[in-house]
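Subject: Structure for your review

Dear colleague,

Please find below the structure that I am handing over to you. My notes on it follow directly after it.

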Amino acid sequence: MYYKAIQFYLDYKPMLLNDLLLVLSPRIDHTRSVGFFTKINHLPLVKPYLRSVQNHNNKVVNEALNNLLIDEEDHDGLRASINAFDNFDTIQLALRLERHDLVEFRRIGALLYKSNNRWRQSIELCKKDHLYKDAMQFAAESKDKSLAEELLEWFLAERQYECFSSCLYNCYDLLAPDSVMEHAWRHEIVDHTTPYMVQVIRDMNSRLARLEAAEAARSAAASGEEAQSQPEAIGYGGSQPLMITGG
């Protein structure tokens, strides 16, 4: 009966259809409703209804609304939707967005790859679109030393020396200082690595100072324990007085 009423409004009062759906939303199956409107190719007409029921985090509703937002080229709306409601096929959506004409949608695709720990695909997509900041951020979040090193080498190959310097700080904990210095020497960009190496030396000196302080404290504690445990000497040369006996 509900769907007969929906069909009636669709035929004679389409502008009031969303009002009817909002009234019926507690009683109708949202998955079936999406299938119904998809079949008759009227899904865009009920977009307000889809938004109103998205709080149920229904997979079919989420995917239908996300597809509408892509068709409308509303990347801000799509980003808000996927951040708020996560029940959808993320990989399928990422594959679709990866081939989108607009860079902002491809950027969302890279974020979806990242959310699935597909770090390499995410970084490669950022590199293609020159989203260098995102690429460095994803490499750092991946905690993968090989990915950080590959990104650093790619910046060198592209002669993006400012990005190379920035990557040294974004991926600071993932890079080996000797490898960084070798790259800088081979490409004659030592000046771009000088601030990084200053920080590396400072960190090394700080660690060394802490180790020396800890060793000094340990040695002092060991010496104190040794002095306390040493028995007092008894007899000649000791601290006790000699006994004098009569002949």
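Helix H13 is followed by Glu-188, which has a positive phi near 55°. The helix itself covers residues 177-187; here and below, helices are DSSP runs of H or I with at least four residues, strands are runs of E with at least two, and both are numbered from the N terminus. Within H13, Ser-179, Val-180, His-183 and Ala-184 are buried. Seen down the axis of H13, these buried residues fall within an arc of 135°, so they line one face of the helix; the arc is that of the directions from the helix axis to the C-beta atoms. Asp-178, Trp-185 and Arg-186 are exposed on the other side of H13. Buried stands for a relative accessible area under 20%, exposed for over 50%, and partly exposed for values in between, with a 1.4 Å probe and protein chains only. As background, an α-helix has 3.6 residues a turn, so residues three or four places apart point the same way.

Please note that this is a predicted model, in which local features need pLDDT of at least 70 and side-chain atom pairs count only at pLDDT 80 or more, while totals for chains, interfaces and linings use all residues. Residues are numbered from 1 along each chain as its sequence is written, and side-chain values use heavy atoms, with hydrogens and water left out.

Positive phi values at two asparagines

Asn-41 is not a glycine, yet its phi is positive, at about 60°. Asn-41 sits in the loop that runs between helix H3 (30-39) and helix H4 (47-53), and it is exposed, with a relative accessible area of 64%. Asn-57 also has a positive phi, of about 55°, although it is not a glycine. The loop between H4 and helix H5 (59-71) contains Asn-57, which is partly exposed at 24% relative accessibility.

The pair H1 and H2

Helix H1 (residues 2-12) packs against helix H2 (residues 17-24) at an angle of about 165°, with the axes 9 Å apart. Axes are lines fitted to C-alpha atoms, for helices over the stretch in contact, and angles run from 0 to 180 degrees between N-to-C directions. H1 and H2 are therefore roughly antiparallel to each other; angles under 35 degrees count as roughly parallel, over 145 as roughly antiparallel, 65 to 115 as roughly perpendicular and the rest as oblique. Their crossing is right-handed, a term used if the near helix is turned clockwise from the far one by less than a right angle, with left-handed used if anticlockwise.

On the H1 side, Tyr-2, Ala-5, Ile-6, Tyr-9 and Leu-10 meet Leu-17, Leu-20, Leu-21 and Leu-24 of H2, where contact means heavy atoms within 4.5 Å. By class, this contact of H1 with H2 has 9 nonpolar, no polar and no charged residues. Ala, Val, Leu, Ile, Met, Phe, Trp, Tyr, Cys and Pro count as nonpolar, Asp, Glu, Lys and Arg as charged, and the others, Gly among them, as polar.

The buried residues of H2 are Leu-17, Asn-18, Leu-20, Leu-21 and Leu-24. Viewed down the axis of H2, they fall within an arc of 155°, so they line one face of the helix. Their cover includes H1, H3 and H4.

The pair H8 and H9, and the residues around it

Helix H8 (residues 103-115) and helix H9 (residues 119-128) pack at an angle of about 160°, with their axes 7 Å apart. That makes H8 roughly antiparallel to H9, and the crossing of the two is left-handed. Arg-106, Gly-109, Ala-110, Tyr-113 and Lys-114 of H8 make the contact with Trp-119, Gln-121, Ser-122, Leu-125 and Cys-126 of H9. The residues of this contact divide into 5 nonpolar, 3 polar and 2 charged.

Asp-129 belongs to the loop between H9 and helix H10 (132-142). Asp-129 is buried, with a relative accessible area of 16%. Not counting residues up to four places away in sequence, Asp-129 touches Val-103 and Arg-106. Ser-142, in helix H10, counts as buried at 14% relative accessibility. With the exclusion of residues up to four places away in sequence, Ser-142 touches Trp-119 and Leu-147.

A residue of H14

Ile-201 is placed in helix H14 (residues 190-229) and is partly exposed, with a relative accessible area of 45%.

With kind regards
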